[in-house]
Each structure stands twice: as structure tokens, then as C-alpha cells.
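Please examine the sequence and the structure shown below. The paragraphs that follow lead through the helices, their packing and several individual residues.

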Amino acid sequence: MKSDVEELMPRLLPVEKCETGEVDLSGPPRNPQEYLRQVQLEASLCPDVVVAQIDPKKLKKKPTVNVSLIGCQAAPDGFSPSFRWQQQQVSNFSEIRQSVNKHRLHWKAQALDDNVIMPKSDDEEGWKKFCLGENVYHSATPPPIDSNDPGLDYVKVGFPPFLSIVSRLNQASVSTVLEYLINWFQEKEFVPQLGRWLYALLACLEKPLLPEAHSLIRQLARRCSEVRANLQNKEDETLSALNLMICLVARYFEQNDLADKD
């Protein structure tokens, strides 16, 4: 077998034959010739045939892959936006994305205020509190926010998605924070803080989408349609925001099967 391998794979570098005992594998090579001898010896010690040890029990169960093909719930009569409105939102969103990309390095270089402490990437609960605020995180009914209040406590009401913050997030972090907020939204109501962060993260999400991001935004659109379907009044202040999320996912990110039809 060894000779057959040598015929199929001829030597490219001349290496003098040496006895096995003359090669020391315990330490680093001292020169190129000694390195090649170590490689030669290690190769000769490998078996000609290697058999993988597979547990047959693990092969009895067929793997299950869950692929959700469920679309958005239809909007109640009069609750869905017009096609012209959707086109305008996509145009505005596209301009914002271009601006964010253009100025990303500038805003990333800006120093954050002393009270802005961004959570670590794997701190899900920390990111929920950071984006939504402790008031929303601990209560189902968020208190009213006065943005003109000079004494506004962002720890309580949530940090807005300032460009100096979101510009520091790489694509992996954008997807991770997006996942955290969508997880929260699955069991909670839609609040303004959530809408602002979802819009900002979508604006930072690069195309083409990674499979994880593709699944996340579809999940977001379906959840928005579910909440919208349960609204009782067309004047509900959350309706426009819900329509916007569905519109961006369907029209801008080309998930056309989720789009509201005019």
C-alpha cells in the first residue's frame, strides 16, 4: 500500500531516508530538513484504512426538519395599507439604509455617553432591557414617555437606536439583537420602543440575507399580522407601525408571499 501511495503521490521535495529512532517528534523541528522528516514519519504511522465508529442507534431515527411555510394573516377590512403607501415606505427605507451605510464609520467613531453601556452579545435579557427599558421589560403596560423631558432616564424607558449605537453592531450582532426582540414580541404587545429598534436593525441588515436573518424577518412579519388581526379599531396607534414592519419584510426584503395585497 505504501508503495502504491508513493506512485500516486510522487515526492516533490527530496528527503533523505532515516531510521525511525533518529527523528524526535516530541519537540519542534530545528531546521527544514528535520521538519520534512517529522512529516514523513507521522505519515508513515497513519493506518492505511480508517473506520469511523458510528453508533447505529443514532441512525434509526430520521432527522426532522421543520420548515414554516405559513404566510401572514389577512388584515381585517380597511386595516391594510395601499400599494402606493407601501411603495413610499420602501423608498424612504432604502434612502435611510443608504445614509446609514454611508455614515457608519463616522458614527462608529463617536464616543458614547457615560450612561450608555451596551450589553454583551450573548446577554439576551440585558439587550431587552437596554432597548425597551426596564419599565416595559417588567410591565405589560408601558408608561407614557416625554421625549422633551431633560431628566429622561434611558435605563427606565429604553435607549433609542442612536446611530452611534447601532453602527457598532456587526451583522452577527444585528441578527442576534433582532432575534432577542422578536422573541420578546412573541409573547408581548407592540410598543413604540420595539418599533424603533426593529426599524433600525432592519436598516442595518445587509442583503443578501443569511438564512437565520431570513427566518427571523418572516417570523416578525407573521407576528405583526397576528397582532394586527386582533386590533379592534382602525385608529389604533400601533396599526401603522405593524403595517410598516410587514411592508418592509415583504416588499423591501422580497418576501412577496407575505405582502398585503392592494
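**Packing of the helices**

The axes of helix 7 and helix 9 (residues 211–229) come within 10 Å and cross at roughly 25°. That makes helix 7 roughly parallel to helix 9; angles under 35 degrees count as roughly parallel, over 145 as roughly antiparallel, 65 to 115 as roughly perpendicular and the rest as oblique. The axes are lines fitted to C-alpha atoms, for helices over the stretch in contact, and the angles run from 0 to 180 degrees between N-to-C directions. Helices (H or I, at least four residues) and strands (E, at least two) are DSSP runs, numbered from the N terminus.

The model is predicted: local features need pLDDT of at least 70, side-chain atom pairs count only at pLDDT 80 or more, and totals for chains, interfaces and linings use all residues. Residues are numbered from 1 along each chain as its sequence is written, and side-chain values use heavy atoms, with hydrogens and water left out.

The crossing of helix 7 and helix 9 is left-handed; a crossing has this hand if the near helix is turned anticlockwise from the far one by less than a right angle, and is right-handed if clockwise. On the side of helix 7, the contact (heavy atoms within 4.5 Å) involves Ser175, Leu178, Glu179, Ile182 and Phe185. Their partners in helix 9 are Ala213, Leu216, Ile217, Gln219, Leu220, Arg223, Cys224 and Val227. By class, the contact of helix 7 with helix 9 has nine nonpolar, two polar and two charged residues. Here Ala, Val, Leu, Ile, Met, Phe, Trp, Tyr, Cys and Pro count as nonpolar, Asp, Glu, Lys and Arg as charged, and the others, Gly among them, as polar.

Helix 7 (residues 171–185) also packs with helix 4 (residues 124–138), at an angle of about 55° and with the axes 8 Å apart. Helix 4 and helix 7 are therefore oblique to each other, and their crossing is right-handed. From helix 4, Glu124, Trp127, Lys128, Cys131, Leu132 and Val136 take part, and they meet Val177, Tyr180, Leu181, Asn183 and Trp184 of helix 7. This contact of helix 4 with helix 7 comprises eight nonpolar, one polar and two charged residues.

A further pair is formed by helix 3 (residues 83–108) and helix 8, whose axes come within 9 Å and cross at roughly 65°. Helix 3 and helix 8 are therefore roughly perpendicular to each other, with a right-handed crossing. Helix 3 contributes Asn92, Phe93, Ile96, Arg97, Val100 and Arg104 to the contact, while helix 8 contributes Tyr199, Leu202, Ala203 and Cys204. Seven nonpolar, one polar and two charged residues make up the contact of helix 3 with helix 8.

Helix 8 (residues 192–204) has 13 residues and reaches 19 Å from its first C-alpha to its last, close to the 18 Å expected at 1.5 Å a residue; the expected span is 1.5 Å times one less than the number of residues. Helix 8 is mostly covered, with 11 of its 13 residues buried. Buried means under 20% relative accessible area, exposed over 50%, and partly exposed in between (1.4 Å probe, protein chains only). Among the buried residues of helix 8 are Trp197, Leu198, Tyr199 and Leu202.

**Individual residues**

Phe93 is found in helix 3 and is buried, with a relative accessible area of 0%. Leaving aside its neighbours within four places in sequence, Phe93 is in contact with Tyr199, Leu202, Ala203, Leu248, Tyr252 and Phe253. Phe93 and Leu202 are 109 residues apart in sequence, yet their C-alpha atoms are 9.3 Å apart in space.

Ser139 lies in the loop between helix 4 and helix 5 (154–157) and counts as partly exposed at 32% relative accessibility. The C-alpha atoms of Ser139 and Lys188, 49 residues apart along the chain, are separated by 9.9 Å.

Pro208, in the loop between helix 8 and helix 9, is joined to Lys207 by a cis peptide bond, with omega about 0°. Glu254, in the segment after helix 10 (239–252), has a positive phi of about 60° although it is not a glycine. Glu254 is exposed, with a relative accessible area of 54%.

**The whole chain**

The secondary structure of the protein comes to 10 helices and zero strands. Buried residues make up 33% of its 262 residues. Among contacts between residues at least 6 apart in sequence, 70% join residues at least 24 apart.
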